[in-house]
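Subject: Structure for your review

Dear colleague,

Please find below the structure that I am handing over to you. My findings follow it.

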Amino acid sequence: LGAEVTEVTAYETVIEDNNDKLLYLEKLENSEIQMITFTSSSTVDNFIKLIGEESLGVLKTIPIASIGPITSKCLLKYGLDVTIEAKEHSIQGLVRAIQDYYSEGE
């Protein structure tokens, strides 16, 4: 219809150059991390790439919070349970959902 579209990248999630895989896995295995939050499917994919799919089992013991249904679907793709899904799909909504989770006694 004559429309002109310009694509603008607002942000990009990338994996750090230095691989801290062992540090993350150690903290997860030692229960030093009480919850993991994900704000997009790309953060899920990149975190799994970082720790390796062979390490997914350690994530099954930690509550996982998702910003919304698309991110939750990505987590489920890896066989991970979503403990919390924000009703309002924003950072504020995610924080509120986590606060509610802990105030209700898990």
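Accessible areas here come from the Shrake-Rupley method with a 1.4 Å probe, and for residues only the protein chains shown count as cover. On that basis, the accessible surface of the protein comes to about 7400 Å², and 51% of it belongs to carbon and sulfur atoms.

This is a predicted model, in which local features need pLDDT of at least 70 and side-chain atom pairs count only at pLDDT 80 or more, while totals for chains, interfaces and linings use all residues. Residues are numbered from 1 along each chain as its sequence is written, and side-chain values use heavy atoms, with hydrogens and water left out.

Overall architecture

The protein has 4 helices and 3 strands, taken as DSSP runs numbered from the N terminus (helices: H or I, at least four residues; strands: E, at least two). Along the sequence they follow the pattern α-β-α-β-α-β-α. The C-alpha atoms fill a box of roughly 55 × 35 × 20 Å along the principal axes. Of the 106 residues, 38% count as buried, that is, under 20% relative accessible area, with exposed meaning over 50% and partly exposed in between (1.4 Å probe, protein chains only). Among contacts (heavy atoms within 4.5 Å) with a separation of 6 or more, 59% join residues 24 or more positions apart.

Helix α3

In α3 (residues 69-77), the buried residues are Thr71, Ser72, Cys74 and Leu75. Seen down the helix axis, they fall within an arc of 160° and so line one face of α3; the arc is that of the directions from the axis to the C-beta atoms. The face turned away from this buried side carries the exposed residues Ile70, Lys73, Leu76 and Lys77. The cover over the buried residues of α3 includes β1 (36-38), α2 (41-51), β2 (64-66) and β3 (84-85). Just after α3, glycine 79 takes a positive phi of about 80°.

Nonpolar cores

A nonpolar core is a set of buried Ala, Val, Leu, Ile, Met, Phe, Trp, Tyr and Cys residues joined through side-chain atoms within 4.5 Å. The largest has 17 residues, of which Leu28, Leu59 and Leu80 touch the most other members. At least two residues of this core come from each of α1 (21-29), β1, α2 and α3, and α2 gives the largest share, 4 residues. Leaving aside residues up to four places away in sequence, leucine 59 touches Leu28, Ile36, Phe47, Ile48, Ile51, Ile64 and Leu80. A second, separate core of 9 residues includes Met35, Ile67, Ile84 and Leu94.

With kind regards
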